[in-house]
Amino acid sequence: MSDTEPAIELRGISKAFGPVQANKDISIKVMPGTIHGIIGENGAGKSTLMSILYGFYKADAGEIFIGGTKTQIPDSQAAIAAGIGMVFQHFKLVENFTVLENVVLGAEEGNLLRPSLAKARKLLKELEEEYELRVDPDARIDEIGVGRQQRVEILKALYRRADILILDEPTGVLTPTEADQLFRILSRLRDEGKTIIFITHKLREIMDITDTVSVMRRGEMTATVKTSETSPTELAELMVGRKVLLRVDKQPATPGDVVLDVENLSVINSQGVERLRGVSLNVRAGEILGIAGVAGNGQSELLEVLGGMREATGRITVNGEEIDLTGRHSDGQSRRERGIAHVPEDRQREGLIMEFHAWENTAFGYHHDPEFNSGLLMNNAAIKEDTARKMEKFDVRPPDPQLTAKNFSGGNQQKIVVAREIERSPDLLLVGQPTRGVDIGAIEFIHQQIVSLRDAGKAVLLVSVELDEILSLSDRVAVMFDGKIMGERLASETDEKELGLLMAGITEAPDKPVEEAVEEQLQARDARKAQIHG
Amino acid sequence: MDRMPHWADAVLVPLISLLLAAILSALVIIGIGEDPIAAFKLMVDGALMRSSGWGYTLYYATNFIFTGLAVAVAFHAKMFNIGGEGQAMIGGLGVALICLFIPWPHWTLALLGSTVGAALFGAAWAYIPGYLQARRGSHIVITTIMFNFIAAAFLNYVLVNLLRPSGAMDPASARFPESTHLPTFNEMFSTAETALFRGAPANVTFFIALLACLAVWLLMWRTRLGYEIRALGHSESGALYAGISPVRITIITMLISGALAGLMALNTTQGESERLILNATEGAGFIGIAVALMGRSHPVGVLFAALLFGFLYQGGAELALWTNIPRELIIVIQALVILFTGAMDNMVRAPLERMFLALRRKEG
């Protein structure tokens, strides 16, 4: 392939935001007709690099070559003209327009809409046949599922004659089955000669789909290798810059008494949509129950109810004692008094006050604790001391209790939260997305801490959208779909495939092709939500 | 990785803003054919070079400290209490009732009583908007400004129909009894040989204002309540997570804010006029907003900003008295200071941040 021109070549791209060097002298060649993965941790500079390529940012230095010719990309119009299409993590679709209207939007020809639509309909038909990109052109966006919406984004790019497709973390919102479908479409596109840049932080996806992979770390391109000649371990090392343990080291669980017992829990949100529909589950001492599911199927609401942030109906007992689900004794304070600690899903909005010092955050939620107070006043010296101790134990960097929370990296912010909650040695630990936006080094550490809390005989309820994380940490796995528990499995006796079907709401072997069954379930769920919403 | 050092944010930004306001004011004064340097000298002479000038400056500053603290406390919970004016008016009513209807043996006891009265009345007036915001989601800006009008009309009614001594033409209460009169600086600091602060209204309330600064600092940074107020102000979802009730904290914050604004009446009503009059607040409730903005909602900042505005008020009065600069233009100058130090804060901050970044990069 070395004799052909690269589809895209970047030479010496640099970009700084204030004091942060997001991209440092990045050079990369993407060969035509390949799927080129770009992997790196959050904040490694992947998105910045793609935004430069798509004309959102202007590089401080460097050159872009498309198909061998030097090209200026001052805005996204120029990127489109150069044959680049982008599928964003968060779709940019008009919800109450049809598929066809969305595809045409911004690329209409002439003042009348009708000829453009007719032409687009014909083209869509061709694209559909060519790439198996099946979507009903007359369906409204808010009536179709996330997986199909993503296909519309791809169609939009193809309609604009893109030869190079950039996909930014495309599987974040998909069930495993939908992700597989996407991968098939991408392979097909590659086989037809398109070039695809695939951005992700998931090693498995890189191994599954890409031909070549480039690794970014702290704004630099650390390596570009053939996927077939590398391994997940090697890639992880390149991403982090040192050896990492991808598997969690843990002994089999020895579950004790039931700590948390949830019966028939239901939640209706402020829009009148039922987000939890009769959830029942229990967690025993000394075990980790993982809640798997695609984001938005009620896991967040479950955590919020358990953490006292949201009212609900049903019955919850902790160590055999019932807890209030409404009223003034249903808040974070009273939950903590019952021995429940909570690492929330969103550390920046919930778990931390970003403008507070690290030490102030160490008391957050526990600021009524006698050890942090002396009489009427807070005992700031005691809190700072406690913070310094926790920072050392959890290797928070920099170990400075005076530093403001927002000035720590994502991983270190999460360590502050985890340290605060785990060091209480709670009877029950609620953990939501413990490693979202956290660097691999910190992931390893946080996982170890959760496992050792379990080994100390505490109950852990873990919510994560990363199936890998669920499988490697949990002893038991419950799968949520559309506000219900679809099933429970022992982690040692299940696999991604089985969980993937449960995540799409399929509990028994369907009598039709799996993909059709998944599609049906997802549509039924979205219809239910939309109906109550209206 | 803060964008610029803390001292630059707290000191440099307000100073540069002030300088810009001064330059613009100077241009305005040149525009009407007066000499800005002479005008400035006159302001300084009148407000700071004589003890009686200081007496006025500190009197005004006392008002602004209270209203500035009131706005600052609410700011920490991310609420914009622009009802300081109304809360201070109703606080005045509390002071008047306490002073008129309770026979106090000595001013110290009267001051204690009226402090409680002013705070309670101010807090009560702020409670309603606070409750409406917390429970009903009615925006605090709208309700507090409406409550300013209601307070003014209510006070008008009370003064004309209830508190006005029979036969008096003036919509004002009777004079407070002698035993409630607060010692002025003139009485406190003059010696047999030299009379200080002659004729100036500054009185013992100034020290209560200083105590209030200390109390607010303790509250915000040393107590659980202050911690919860600041947490709520930064993130409501975070507060919810930590088990801090947004409803409870919103209402309590407004009570404290209203109480602080109400305390201003000690200075104007008990300290200066010694009876309750209409419009005793003279816009100090609104100046409090600028004071809190310029003082970065910190008691020390509020104290200095209040002193600055006290100087502008007194210096401005001197200008109106001795030059051809009309009274309205003095309001323009005060408005420029508010505009630059409060509203256009970012205009100075952004370039300054860039400058510090560039400096740091050069070092690194």
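1. The accessible surface of chain A comes to about 23,200 Å², and 47% of that surface belongs to carbon and sulfur atoms; areas come from the Shrake-Rupley method with a 1.4 Å probe, and for residues only the protein chains shown count as cover.

2. This is a predicted model, in which local features need pLDDT of at least 70 and side-chain atom pairs count only at pLDDT 80 or more, while totals for chains, interfaces and linings use all residues. Residues are numbered from 1 along each chain as its sequence is written, chains are lettered from A and ligands numbered from 1 in the order in which they are written, and side-chain values use heavy atoms, with hydrogens and water left out.

3. Chain A has 18 helices and 22 strands, counted as DSSP runs numbered from the N terminus (helices H or I, at least four residues; strands E, at least two). Its radius of gyration is 25 Å, close to the 24 Å that the globule rule gives for 534 residues, so chain A is as compact as a globular protein of that length; the radius is taken over C-alpha atoms, and the rule is 2.2 Å times the number of residues to the power 0.38.

4. Of the 534 residues in chain A, 55% are buried, meaning under 20% relative accessible area (1.4 Å probe, protein chains only).

5. Helix H9 of chain A, residues 299-306, is largely enclosed by the rest of the structure, because seven of its eight residues are buried. Among these buried residues of H9(A) are Glu301(A) and Glu304(A), as well as Leu302(A), Leu303(A) and Leu306(A). Just after H9(A), Gly308(A) takes a positive phi of about 80 degrees.

Terms used. Buried < 20%, exposed > 50% of the residue type's maximum accessible area, 1.4 Å probe, protein only.
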